[in-house]
Amino acid sequence: MDLLEYQAKALFRQMAIPVLPSQRIDNPADLKGLKIPYPVVLKSQVRAGGRGKAGGVKFVENTIDAVAAAQTIFNLPIESEYPEVLLAEAKYNADQELYLAVLLDPVARRPVLLGSQQGGMDVEGSIEKMQQVVVDQEFSPFYARRLMLKMGLQGDLIQSVSTIVEKMYRLFVEKDLDLVEINPLGISPKGEVMALDGKVSANNDALGRHPDLAALGEKKADAKLPGHRRGQVDRRSAHSNLLHSPLELGGSSQSQSSNSESLNLVELEGNIGVLCNGVGLTMATLDAVTYEGGKPANFVNLGSLDRYDGTKTLRDRLELSLELVSQDKSVKVVLVHILASTAASEATISAVVGYLERKARANRQVQVVLLLVAIDRDGVKKRLGQLPVQLASTLDRAVAQAVSLAK
């Protein structure tokens, strides 16, 4: 369960992770009672990434501009999701922006710390600079400081940023989370640190131990019911045509572009395509490929799979993603690393089978390495038959297989 930014920052405040003064906005009229001095930034509260590039983040200088901007953002779908809430936040001038995350590797059953000196909207382009530290024993400040050194931080930043990572890890453990991410962590000219954006993914199986998180999930479910809270028609269904089946591509580059608006293909310079769900999982997978001596050709981050309504829609989205990462003939192998429920894993398997069967009919063979959790391995092997797929049980094995096949 992915929390919205304002909900994640409420948890940050509980852990004394510094965040800016902010105010929840349920209606543009709420801005007339704004308690934060201008200038402020208005942020769309949706689960999808890329809000800034999509127009869901706007800086405003006064109430008139703020109300106009809020009306625009409330009516702006980002990956077919309309915001029910906006976040108004004080403006912050940062000299530097970092990326930090703590995530769970479900296969190795170990937490992983991630960090990069390049954060913000372009973090996906800084894969080569992403550093990771596996917490393989009881956590201590040593792990956080080790990440700081691998990131290349110096001076007082080592201690100040390390303290943030320690608090993130404590939140991660206390709430049984799958991901705690700060992107970016702003560094002021005076060296002060500030969590400018945050993401928290809760573990659904642990919600019974955390009624406060479960309550947040119930509020989000209520917000999805038909009937917009501002008296507007719920138009999410009107944008369901964005989720086209990859079978409609027909080999046309123009068709690929129009059907993949909400899928961000990031191109690199290797021969291994990577398909994951979630920024943290994507970063860890790409970093592992590079560490093993492989070269990623590109990657697609599907984001949260909760946004897809129904197994068929998810399967279609996965097939389209597979087409995107393999469209360049330099791609020899596609590494699929999906962390999801049993139903989503089944949809992933169906997508891989459909994709490879189409490739076989087109006389083009692409190797696939598949890493999933919560599957019947023997049953999956029977379904895959003679298709060019290798099942992996851990990230290390999946990466090793992909790199070997690519060579």
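In which loop is Pro39 found? Pro39 lies in the loop between strand E1 (22-25) and strand E2 (40-44), where helices (H or I, at least four residues) and strands (E, at least two) are DSSP runs numbered from the N terminus. The structure is a predicted model, in which local features need pLDDT of at least 70 and side-chain atom pairs count only at pLDDT 80 or more, whereas totals for chains, interfaces and linings use all residues. Residues are numbered from 1 along each chain as its sequence is written, and side-chain values use heavy atoms, with hydrogens and water left out.

The confidence of the model is described by pLDDT, the predictor's confidence in each residue, from 0 to 100. The protein chain has an average pLDDT of 83, and 84% of the residues score at least 70. Confidence is highest in strand E9 (residues 193-195), at a mean of 97, and lowest in helix H7 (residues 253-259), at 35. Over residues 221-261 the pLDDT stays under 50. For this stretch the model has 56 contacts beyond four places in sequence, a contact being heavy atoms within 4.5 Å.

The protein chain contains 12 helices and 16 strands. Of its 407 residues, 54% count as buried; buried means under 20% relative accessible area, exposed over 50%, and partly exposed in between (1.4 Å probe, protein chains only). Among contacts between residues at least 6 apart in sequence, 68% join residues at least 24 apart.

Apart from its neighbours within four places in sequence, Ile25 is in contact with Asp30, Leu31, Leu34, Phe74, Val85, Leu86 and Ala88. Ile25 and Glu84 are 59 residues apart in sequence, and their C-alpha atoms are 9.0 Å apart in space.

Helix H4 (residues 141-151) has Tyr143, Ala144, Leu147, Met148 and Met151 as its buried residues. Seen down the axis of H4, these buried residues fall within an arc of 140°, so they line one face of the helix; the arc is that of the directions from the helix axis to the C-beta atoms. An α-helix has 3.6 residues a turn, so residues three or four places apart point the same way. The partners against which the buried residues of H4 pack are strand E5 (96-105), strand E6 (110-116), strand E7 (131-134) and helix H5 (156-174). Just after H4, Gly152 takes a positive phi of about 85°.

The packing of H4 and H5 has an angle of about 130°, with the axes 9 Å apart. Here axes are lines fitted to C-alpha atoms, for helices over the stretch in contact, and angles run from 0 to 180 degrees between N-to-C directions. H4 is therefore oblique to H5; angles under 35 degrees count as roughly parallel, over 145 as roughly antiparallel, 65 to 115 as roughly perpendicular and the rest as oblique. The crossing of H4 and H5 is right-handed, a crossing being left-handed if the near helix is turned anticlockwise from the far one by less than a right angle, and right-handed if clockwise. Pro141, Ala144, Arg145, Met148 and Leu149 of H4 make the contact with Ile158, Val161, Ser162, Val165 and Glu166 of H5.

On the H10 side the contact is made by Glu346, Ile349, Ser350 and Val353, and on the H11 side by Val380, Arg383 and Leu384.

Most residues other than glycine have a negative phi, and most peptide bonds are trans. The peptide bond from Tyr38 to Pro39 is cis, with omega near 0°. A cis peptide bond also joins Asn183 and Pro184, with omega about 5°; Pro184 is found in strand E8 (residues 177-187). Ala16, in the loop between helix H1 (5-14) and E1, has a positive phi of about 60° although it is not a glycine. With a relative accessible area of 46%, Ala16 is partly exposed. Glu79, in the loop between helix H3 (63-74) and strand E4 (86-90), likewise has a positive phi, near 50°. Its relative accessible area is 26%, and Glu79 is thus partly exposed.
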